Amino acid sequence: MASNLASRLRDGTQQSHTAAENTAFMKCVLKGMVVRESFRKLLANLYYVYSTLEEALQRHQNHAVVGAIYFPELNRTPNLELDLVFYYGEHWRNQIQPLNAGLAYVKHIREVAAHSPELLVAHAYVRYMGDLSGGQSLKKIIRTALDLPPGRGTGLYEFEQLPTLEARHTFKAKYRDTLNSLPLNQATIQRIVLEANAAFEFNRKAMLELEAEVKAEIGEPVFNLVTHQEKLGSTVKTAGRAVELIDTE
Ligand code: HEM
């Protein structure tokens with residue numbers, strides 16, 4: 001029986017999405033102020049998150065709910081490993097560490113995987129749909145801001161098997177259909193939406209941890225100028241329709 005999980009997730013995380021977009025870190029990135037040191041720390045943090053998540057998804061691939069939403073072609077861990085080689089060098093494993101928010105995020109994913117694996121759907125949704133959506137525009141800004149060499153440094157946002165805008169659109173539609181077809185009751189749907197909000201919060205907290213470093217790097221006056229205005233969320237509906245995405249070829 002089909003559900004409306006996809007729209008429940010989109011609508012039910014709208015405020016959390018807006019809050020994540022309105023972190024000073026993201027506002028700076030959107031204005032092209034990408035501090036290399038903080039960006040690589042964010043990637044390192046995401047490495048811990050994604051490797052934990054992807055290990056859990058793989059382990060539960062025969063679970064009726066988790067298995068249906070497990071798309072190994074989305075896996076970010078291998079791409080993040082390449083990004084970390086690029087930013088930290090070949091001994092990156094000895095140099096990286098998770099942020100406090102990352103430690104808590106990882107611990108939480110492990111607990112969810114052990115006790116309520118169906119809630120992993122929320123974690124997959126928040127990260128993968130984010131990387132396939134806003135992530136695609138962030139990628140372009142970051143590449144320009146850091147003047148990255150071709151094909152290096154933004155593997156997080158590269159989906160080799162979804163190389164075009166059309167392929168990503170089609171995949172996202174399939175992902176939403178899959179969410180709607182998961183065998184879930186209303187109570188579990190509600191728990192998944194709550195869990196997705198928790199996932200957004202872990203992401204927001206990671207960015208908050210990097211804020212002081214960004215401020216120090218770009219200077220307080222510029223930082224204040226760039227961050228003082230609230231941004232309308234990208235998943236907030238305006239005049240009855242969602243603000244369209246900025247992912248272009
Ligand atoms: C400045 C930063 C961001 C921008 C500009 C942005 C932009 C967008 C846009 C334009 C969409 C709509 C795409 C569509 O309708 O197909 C979207 C969707 C989404 N974003 Fe973001 N985003 C940002 C940050 C984040 C963060 C930090 C996360 C989570 C970690 C995230 C998670 C999501 C998710 C899960 C969706 C899918 C919503 C849905 O259709 O169900 N975004 N984002």
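Visitor: Where does Asp147 lie?
Guide: Asp147 sits in the loop between α10 (134-146) and α11. Helices here are DSSP runs of H or I with at least four residues, numbered from the N terminus. The model is predicted: local features need pLDDT of at least 70, side-chain atom pairs count only at pLDDT 80 or more, and totals for chains, interfaces and linings use all residues. Numbering runs from 1 along each chain as its sequence is written, and side-chain values use heavy atoms, without hydrogens or water.

Visitor: Why is Asp147 called exposed?
Guide: Its relative accessibility is 66%. Exposed means over 50%, buried under 20%, partly exposed in between (1.4 Å probe, protein chains only). Therefore Asp147 counts as exposed.

Visitor: What is the phi of Asp147?
Guide: It is near 50°, a positive value in a residue other than glycine. Most residues other than glycine have a negative phi.

Visitor: What makes His17 a donor of the iron atom of the ligand?
Guide: Donors are N, O and S atoms within 2.8 Å of the metal (3.2 Å for Na, K and Ca); water is not among the atoms, so sites may look incomplete. NE2 of His17 is at 2.1 Å, so it qualifies, as the only protein donor. His17 belongs to helix α2.

Methods. Helices (H or I, at least four residues) and strands (E, at least two) are DSSP runs, numbered from the N terminus.
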